[in-house]
Amino acid sequence: MTIPPQTVILNGRLITFDPNSPFAEALAITDGLISAVGTTAEIRALSAPSTRVIDAAGSTVLPGFIDSHVHLFGGSVELACLDLTGVQGEAELTEVVREWAAKNTEDLLVFAVQADYAILGEGIKTTRQALDRVLPDRPFAMYAPDHHTVWANTAALEAAGLLHGAEVEAGAQVVMGTDGRATGELQEPSAYAPVLRMTRHAGRDMMGLITGADPVPAATPAERVLDKAALERGLKHCASHGITGLHNMDGNFYQLELLSEMERDGTLLCRTEVPFHYKSPDPLDRFSEAQDMRQRFNSDMVWCNRVKMFMDGVVESGTALMLRPYPGTDHIGDAVFEPEHFNEACIRADAMGLQIATHAIGDLAVRRTLDGYEAAQRSNGRRDSRHRIEHIEVLHPDDLPRFKALGVVASIQPGHAPFGGYFPPSGVGAMLHPDQIPLAYAWQDIRNSGAKVIFSTDWPVIPVDVMPTIKGAVAPHSLGAPWRDQSQSLMDTLASYTVENAWVEFNEARKGMLKPGMMADIVVMDHNLEAMDPQLLDQSRAAFTICGGRLTWEA
């Protein structure tokens, strides 16, 4: 006896990404899997009175979106933070911060996110003295959108023990003034970690990024409840945007334990891969933790099969690692890893069969990362590794063909580009030489080279909202020469957010296509995306999100 489907989706414009049947009208879901794909009449005939019927009404139906680069815990926590997006000038900053502080009197630290590098005005440095004027009587600090810089007032620096400087990891800096005291600018995680310890979650949300280790001291039962509640809000937010899968970019056992507990409790709404985070001060022996993570966490909903590393910082703060000095300086940025150590780490991780994902933004950082992956191939032999480079914001022409030659995946965030819809061109443009710009944020050039390209947001650097990123890829702002047109086709963009992101996590045989036997991870949009004006794509939203056959979002 044939079991009737629990859910059917009818009257849709299905983009299946199944090369044998790229479009359809309807599908059926049985026991968490797609059981049939076909016409509306064919699928309706399979239904029983108990079957849930979703009428797509002509809208696009896709495999669930997979955001392949997020910081889930941090993004979830920041949903409850003061958001400074669009705030400009000391007067407006003072108004919103003091209003927030008055409503949150129990916070040890008044903390804000999404503070523009030029929040006080173009060319005006953010200093502790300026932030003292904004909030003179309480510790106050704020995150840059890229999360590579925190600015703090004097009270926050004193409370964190940073006013007179501190020893930090390579590539990080407590910027010091001529008076021998900190200016208020804290570059990179190990410099600002003491400030985050004063936030509501005591920095536990960032430990997987800052140290790659578990929180010390260990979270209390009450703190675990608080942290899981934040993750639940974050995952519901992701599901509301049609997301069924996430590749986290900071990892420790603590996050894996919380997510596994949520899977057990039925509150985990998105499949989530969490990496082992290897830091530059770590000995190679620490890779035994990666093996432990992979063995302990291997379900369909929560798993570890990847190593994350950082090669450099970001362009805007001058910490991205460049082949030549930034304009008007003798500074090439900051190397997080020395080449020999990075190569050894790549060889070790690759020999263990682990995938590697490395943050590399500057052209020298990208080159050294490619060198490390090449060293692993020479040492261990070539395999289907699907190693990734995250961001690739500045690329030397000589390194463009190396992606395809080495089988390296380009993991790109279209919203980060100055033409992607979130950040103005003035910030990054001032930090690049004119001849570096043509291959800056070179999505289409990389795609044309034959390399694999996947898309994501890097939430909370930009919102995890899928459709503004898709619009930024398909219809980016035109900046003119020397910036090149890197616009993507709609189909390439949707593929880089679905089927290709399933492929990069080695799950192409199980998800990423609307095909019988595949996991029922599906999003029903509220528009036909193919019929929309590309400039209006960001106005579409998920109407229904289904993960493993379970309805996780309904508008």
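Q: Hi! How many bridges join E16 to E18, and which way do the two strands run?
A: Hello! 2 bridges join E16 to E18, and these strands run parallel. Helices (H or I, at least four residues) and strands (E, at least two) are DSSP runs, numbered from the N terminus. Two strands pair if DSSP finds at least two bridges between them.

Q: What sort of model is this?
A: This is a predicted model, where local features need pLDDT of at least 70 and side-chain atom pairs count only at pLDDT 80 or more, while totals for chains, interfaces and linings use all residues. Residues are numbered from 1 along each chain as its sequence is written, and side-chain values use heavy atoms, with hydrogens and water left out.

Q: Thanks. Back to E18, what stands opposite threonine 272 there?
A: That is valine 302.

Q: What is the strand order in the sheet with E16?
A: The order is E8-E15-E16-E18, an open sheet of 4 strands with parallel pairing. Strand E8 (65–70) and strand E18 (302–303) are at the edges with a single partner strand each, so one side of each has no neighbour in the sheet.

Q: And glutamate 273, where does that sit, and is it buried or exposed?
A: Glutamate 273 belongs to strand E16 (residues 271–273). Its relative accessibility is 2%, so glutamate 273 counts as buried. Buried means under 20% relative accessible area, exposed over 50%, and partly exposed in between (1.4 Å probe, protein chains only).

Q: Which residues does glutamate 273 touch?
A: Leaving out residues up to four places away in sequence, glutamate 273 touches Leu246, His247, Asn248, Trp303, Asn305, Arg306 and Gln355. Contact here means heavy atoms within 4.5 Å.

Q: How does E25 join E26?
A: Strand E25 (residues 542–547) and E26 run antiparallel and are joined by 4 bridges. Isoleucine 546 has leucine 551 in E26 as its bridge partner.

Q: Where is alanine 520?
A: Alanine 520 is in the loop between helix H18 (499–504) and strand E24 (522–525). Alanine 520 is buried, with a relative accessible area of 0%. Not counting residues up to four places away in sequence, alanine 520 touches Ile29, Gly32, Leu33, Ile34, Ile546, Cys547, Gly548 and Gly549.

Q: How far is its C-alpha from that of glycine 548?
A: The two C-alpha atoms are separated by 4.8 Å, although alanine 520 and glycine 548 are 28 residues apart along the chain.

Q: On to helices. How many residues of H6 are buried?
A: In helix H6 (residues 189–196), 8 of the 8 residues are buried, so H6 is largely enclosed by the rest of the structure.

Q: And H17?
A: Helix H17 (residues 490–497) is mostly covered, with 6 of its 8 residues buried. They are Leu490, Thr493, Leu494, Ala495, Ser496 and Tyr497.

Q: Last one: at what angle do H11 and H12 pack?
A: Helix H11 (residues 339–351) and helix H12 (residues 363–380) pack at about 50°, and their axes are 8 Å apart. Axes are lines fitted to C-alpha atoms, for helices over the stretch in contact, and angles run from 0 to 180 degrees between N-to-C directions.
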